[in-house]
Amino acid sequence: MSSVMMNRPPVAIRRALLAWFRRHARPLPWRKTKDPYAVWISEVMLQQTAISTAIPYYERFLRAFPTVERLAAAPLEQVLGLWSGLGYYRRAHSLHEAAQRIANEYGGRFPRDYEAAKLLPGIGPYTASAVLSIAYGVPRAALDGNVGRVIARLLALPPSFRETGFRTALRNELERLLSRRRPGEFNQALMELGQSVCRPRAPRCHACPLRSWCAAYKEGCPERYPASRPRRAMETQYLAAAWITRDRRVDGTPIQEALLVRGLEEGLLDELWNFPGAFGRSRAEALRRLKGRSAELLPAGICWSRPAGELHHGITYRSLIVHVYPATLPAGGGGGAARWFDLSQLGNAAVSQLTRKIAAAMSGKSGAPTRFTM
Ligand code: SF4
């Protein structure tokens, strides 16, 4: 391996990459700052999330919490509310915890030391390297999926590397290529190249500044690299969800509230509020399990109606067919593990996307079992 790597002149590659980045870097909002707090927020949001999706979340989040102290002092519910829709809610939880540690232990300044940064909740080698290199100019290479793909193609790493020394080989090559003078710019350039040019499918090799050194391009089949991991197949599951609402007046204004519980089932969406629900391999099984769960979560004496409709929703590998069952509580019911939420305020609450989807579909249909599909 080392002889293959040594055939690539790092200085020339680095220069070509940085020159390309200066011409083609997109004006993304987090590129306008070197504030370690803002860089950190953007890096966490961009894990598992497309750039176009992350931009409005990033802007809203920084408007609500412009400093690490403001984030540390905010209630977790508010943080989760602003995160709702981005998924992988553990990230928001960790961000909040880490902000409190940074505020209390580091005077509100993201630590400059790599090992100290990695000890913060939710911060692994990639995030620590990205933040330190971009914000402080610390020479650390940031290896994410996009960067890994570019390097795997540059070297034409054989599929066996996926199991054995794949990450070590990538990391060694990255360290060799890294610009010690401009590590932040270098890391961002490789990320950008992986996102916009060296794409998983149909890489735009004709527009690539690394083409003259790229082994996969020379072989004529860049898409073969890196060898893909087997993906978990999608599973269809049924979800029965309870639509329990009440009408109230607050300061003379009529509002409609829905009863929500924390989490869905099987540890899913644990941080967020959801309509009480249960999974099943069939519609009947899901409903039976929902009634069983409701007996634990909600007061006795619930009166169930026929399903109001069906909608479809994906969560990780689950393809959900959701049936929504309007139900009424006995007089004075509520409380316990459940909480009433004003339906017109769900946009700002710590609720899941699925909850918003059900609320939108059901809006105005409570008590009237009109069928809907989405
Ligand atoms: S030449 Fe093609 S395969 Fe090689 S790094 Fe550039 S875009 Fe990727």
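**View 1. The aromatic pair of W30 and Y58.** A search of the whole structure finds 7 aromatic pairs. In the pair shown here, the ring centres of W30 and Y58 are 5.2 Å apart and the planes stand at 80°, so the arrangement is edge-to-face, a term that applies to planes over 60 degrees apart. W30 belongs to the loop between α2 (10-24) and α3 (36-46), whereas Y58 belongs to helix α4 (residues 51-64), so the pair ties together parts that are 28 residues apart in sequence. Both W30 and Y58 are buried.

**View 2. Arginine side chains over tyrosine rings.** R60 lies over the face of Y57, at 4.8 Å from the centre of the ring. In a second case, R140 is placed over the face of Y114, and here the distance from the ring centre is 3.5 Å.

**View 3. The surroundings of the ligand.** The residues that surround the ligand are R153, V197, C198, C205, C208, R211, C214, Y217 and P222. When the residues of this shell are divided by type, 7 are nonpolar and 2 are charged, while no polar residue is found among them. The space that the ligand takes up is the largest cavity.

**View 4. V322 in strand β8.** V322 is part of strand β8, which comprises residues 318-328. With a relative accessible area of 0%, V322 is buried. Along the chain, V322 and R149 are 173 residues apart, and in the predicted model their C-alpha atoms are separated by 37 Å.

Methods:
Residues are numbered from 1 along each chain as its sequence is written. This is a predicted model: local features need pLDDT of at least 70, side-chain atom pairs count only at pLDDT 80 or more; totals for chains, interfaces and linings use all residues. Side-chain values use heavy atoms; hydrogens and water are left out. A residue is near a molecule or strand if one of its heavy atoms lies within 4 Å of it. On a 1 Å grid over the protein atoms alone, a cavity is a set of points where a 1.4 Å probe fits but cannot get out, and a pocket is an open set with protein on both sides within 12 Å along at least five of seven lines; lining residues have an atom within 4 Å of a point. A molecule sits in a cavity or pocket if more than half of its atoms lie within 2 Å of its grid points. Ala, Val, Leu, Ile, Met, Phe, Trp, Tyr, Cys and Pro count as nonpolar, Asp, Glu, Lys and Arg as charged, and the others, Gly among them, as polar. Rings of Phe, Tyr and Trp (its six-membered ring) pair if their centres lie within 6.5 Å; planes under 30 degrees apart count as stacked, over 60 as edge-to-face and the rest as tilted. Helices (H or I, at least four residues) and strands (E, at least two) are DSSP runs, numbered from the N terminus. Buried means under 20% relative accessible area, exposed over 50%, partly exposed in between (1.4 Å probe, protein chains only). A charge sits over a ring if NZ of Lys or CZ of Arg is within 6 Å of the ring centre and within 35 degrees of the ring normal.
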